[in-house]
Amino acid sequence: MAQTAPPPGTPSPPTGPGPEEDNPWATGGIMFAGVLLMVDGVLGAIKGIAGIASDDVYTRINNYVFKFDVTTWGWIHLALGIVIAIVGWGILRGFGWARGVGVGLAALNMIANFMWLPYQPIWAVVSLAIDTFVIWALCTGRLKPVV
């Protein structure tokens, strides 16, 4: 039997992914964001350990507005890196708290790496790009446990 068209004035069914359907790009992006946060956290911790261990590892900047001692930057990156890695693990586990905290920490890490630019410009720019993707992925997809 043939289907008839709905009467005029009735809404047509939505097309495209609805609230029950996941955007595969965003879902894969959340998993990748969790992995990136874990990797960025571990690299931040390594960056921090290097700064704490020796003040000569990174170039000293003479006239810079955000000038801290390299050891201070080391402690900042170490603490931030450990927390970011834990949140990345939480995202992979599908914990609800991890998504909002991940966005906030990625934004905080972006600020820290922007201020870190004169010390290690390439490393800081790579970290800025990672954090930008992480914020996008966590804000666009639905959270499901991966691990």
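The chain has 4 helices and 0 strands, counting helices (H or I, at least four residues) and strands (E, at least two) as DSSP runs numbered from the N terminus. Read from the N terminus, the order is α-α-α-α. Keep in mind that this is a predicted model, where local features need pLDDT of at least 70, side-chain atom pairs count only at pLDDT 80 or more, and totals for chains, interfaces and linings use all residues. Residues are numbered from 1 along each chain as its sequence is written, and side-chain values use heavy atoms, with hydrogens and water left out.

**Confidence**
- Among the elements, helix H1 (residues 24-53) has the lowest mean pLDDT, 85, while H2 has the highest, 92.

**The chain as a whole**
- Of the 147 residues, 34% count as buried; that means under 20% relative accessible area, with exposed being over 50% and partly exposed in between (1.4 Å probe, protein chains only).
- The accessible surface comes to about 8800 Å², and 71% of that belongs to carbon and sulfur atoms. These areas come from the Shrake-Rupley method with a 1.4 Å probe, and for residues only the protein chains shown count as cover.
- Take the contacts (heavy atoms within 4.5 Å) between residues at least 6 apart in sequence: 74% of them join residues at least 24 apart.

- Met 31, Phe 32, Val 35, Val 39, Val 42, Leu 43 and Ile 46 make up a nonpolar patch on the surface, with about 570 Å² of accessible area together.
- Patch members have over 30% relative accessible area and no salt bridge; like charges are joined within 9 Å, and nonpolar side chains (Val, Leu, Ile, Met, Phe, Trp, Tyr) within 5 Å. A salt bridge here is a side-chain nitrogen of Lys or Arg within 4 Å of a carboxyl oxygen of Asp or Glu.
- Val 42 sits in helix H1 and counts as partly exposed because its relative accessibility is 46%.
- Leu 36 is in helix H1 too, but at 14% relative accessibility it counts as buried.
- Setting aside neighbours within four places in sequence, Leu 36 is in contact with Ile 130, Phe 133 and Val 134.
- Leu 36 and Phe 133 are 97 residues apart in sequence, yet 9.1 Å apart in space, C-alpha to C-alpha.

- The 24 residues of H2 (residues 70-93) should span 34 Å at 1.5 Å a residue, and the end C-alpha atoms are 34 Å apart, so the two agree. The expected span is 1.5 Å times one less than the number of residues.
- Gly 94 lies in the loop between H2 and H3 and takes a positive phi of about 85 degrees just after H2.
- With a relative accessible area of 23%, Gly 94 is partly exposed.
- Gly 94 is 63 residues from Met 31 in sequence and 9.4 Å from it in space, C-alpha to C-alpha.

- Buried residues of H3 include Leu 105, Asn 109, Asn 113 and Trp 116.
- Asn 109 lies in H3 (residues 96-116) and is buried, with a relative accessible area of 6%.
- Not counting residues up to four places away in sequence, Asn 109 touches Asp 40, Leu 80, Ile 84, Ser 127 and Asp 131.
- H4 (residues 121-140) has 20 residues that should span 28 Å, in agreement with end C-alpha atoms 29 Å apart.
- Ser 127, Ile 130, Asp 131 and Val 134 are among the buried residues of H4.

Notes: pLDDT is the predictor's confidence in each residue, from 0 to 100.
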